[in-house]
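Hi everyone, thanks for making the time today. Let me put the structure up on the screen, and then we can walk through a few places in it together.

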Amino acid sequence: MKDINKKFKSGLLWSIIGQFGYLFVTFVANILLARLLSPKEFGIIAIATFFIVVSKVLTESGLSGALIRKNNTTEVDNSTIFIFNLIVSIALYLLLFFFSPYIENFYEIDNLSLYINVLGTVLIINSFQIIQNVRLVKKLQYRKISIYSLIAVVLSSLIAIVIAYSGYGIWALILLQVFNSLFLTSLYWLKEDGLKVFKFSKNSFRELYGFGMYTTLSSLLNTGFDNIYQLILGKYFNLGQTGFFFQARKLTEIPMGIIKSTTLGVVFSTLSSIQDNKDQFDTMYHNIIRMFTVIVGLICLALFLFSKEIIYTFYGSKWLEADFFMKILALSSFFFMQEMFNRILFKVFNQTQKIFTLEIVKKSINLISLVLGVYYKSLEILMYGYFVTCILSYFINYSVSRKVYESQSTLREMIYTLKVIFTIAIVATLYFFVQKAIVLDQLLYNLVFVLPTVFLYFYVLHLLGVLDWKKDLRLLRSLKQ
């Protein structure tokens, strides 16, 4: 148990450091680019990026997760996945190349075909880094992953800022992604071992794809529906609204991205290694989910309360219309992140087919709000429908995951989640009530009340029994040993 705790803590620490560094650089770069470029240009890149993001899901195919989960992977397994990814990446790029003119005609955006074709090269470049990344994740060597990612994003961001400052507009956003992938892949091949054999094994592929197929299909549905909003906004509303949504989502994803990319990967690999020890698994899982819910709740509360001030401070007044999108996305993120955490159980216990089945059910619900939003041309229906879908998706996902993972702590997990939701509602209500009662400059008000708001959040959770300071301090000390 101590060895697992030490590996988990070390991996989590370096993962957080790396993601903080990575997201800090991308955040600063995005601020500068947002001030140099227009919402319309971000709207165009949002549409072009949709096709690349969906294609990335297909190229990865969930097979990296299968390699991480498998305890005794061989070089033949690695080679099989590499060859498969490379072939799929090339095939998808050719499809994008062929259909991009039709996409351009549909949206009536000049040069959209060219933008998609250049962005599409990322698919092929990324296929050359998956095996090195999987090896490092399996060994919990997040220090190396963090360093490589940070170097790549710094170099690519500097290039993008120079391009934008030189007046090349949207090309700064396109080449930012291309150079980031190129630099990262180069570092992996320069610093880490490449393929030791070059062989495709049908048996290995069948074994790994049985796990990866369902995670791929579910990720495809999830990614497609999450990003389809920018397609709808770009076609049925305007590119400016698409840009506002795109930037609101970026701001929301900065803190959520830190948690998702640091915590979920480390938790999955750690829980996979102790999946056969029920008592150890129960203890580890229960403590992680409790703290995870508390942290996510605080972040979502802060994003919701201070959304307008965050947008104005970093992007300027021309982006203030993104406030509506950011508030809805902030609240939705709480349920979305809880759902992502529950997915780990399906992956650890190799029940990934249930993920795909659940995604079909949840996206069918989401489709209703999308159709109504387009029919009535209502941003409110689109966004509130997304929020309701996230809530329903979490509870559906939770109920099914309990059948995969049976434990005495499962009911407590739901109770903790409901208590955090209740705390968010109480703190937000009090915040807005006091805001109306006390007349202060908005910026001054937020500076004065930000710390009391955080304190109240933790104090209410302590009163509700979600947090126990003495117990939690003992838990942290045990991780140090």
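Before I go on, the ground rules. This is a predicted model, so local features need a pLDDT of at least 70 and side-chain atom pairs count only at pLDDT 80 or more, while totals for chains, interfaces and linings use all residues. Residues are numbered from 1 along each chain as its sequence is written, and side-chain values use heavy atoms, with hydrogens and water left out.

On confidence, pLDDT is the predictor's own score for each residue, from 0 to 100. The chain averages 81, and 86% of the residues score at least 70. Helix H5 (residues 112-119) has the highest confidence at 94, whereas helix H19 (residues 469-480) has the lowest, with a mean of 55.

Now the overall picture. The secondary structure comes to 19 helices and 0 strands. Of the 481 residues, 54% count as buried; buried means under 20% relative accessible area, exposed means over 50%, and partly exposed is in between, with a 1.4 Å probe and protein chains only. Contact here means heavy atoms within 4.5 Å. Among contacts between residues at least 6 apart in sequence, 83% join residues at least 24 apart.

Back to Ser393. Is Ser393 buried or exposed? Ser393 counts as buried because its relative accessible area is 5%. A polar atom of the Ser393 side chain lies 2.6 Å from the backbone oxygen of Thr389; a polar contact is a pair of N or O atoms within 3.5 Å, and within protein one must be able to donate a hydrogen and the other to accept it, with residues adjacent in sequence counting only if both atoms are side-chain atoms. Leaving out residues up to four places away in sequence, Ser393 touches Glu339 and Lys362.

The search of the whole structure finds 2 cavities of 30 Å³ or more. A cavity is a set of points on a 1 Å grid over the protein atoms alone where a 1.4 Å probe fits but cannot get out, and lining residues have an atom within 4 Å of a point.

Two more stops. Ser89, in helix H4 (residues 75-107), is buried because its relative accessibility is 0%. The Ser89 side chain reaches the backbone oxygen of Asn85 at 2.7 Å. Thr242, in helix H11 (residues 239-273), is also buried, with a relative accessible area of 0%. A polar atom of the Thr242 side chain lies 3.1 Å from the backbone oxygen of Asn238. Thr242 and Ile47 are 195 residues apart in sequence, yet 8.2 Å apart in space, C-alpha to C-alpha.

Conventions: On a 1 Å grid over the protein atoms alone, a cavity is a set of points where a 1.4 Å probe fits but cannot get out, and a pocket is an open set with protein on both sides within 12 Å along at least five of seven lines; lining residues have an atom within 4 Å of a point. Grid points are joined across faces, edges and corners, and a volume is the space filled by probe spheres set on the points. Helices (H or I, at least four residues) and strands (E, at least two) are DSSP runs, numbered from the N terminus.
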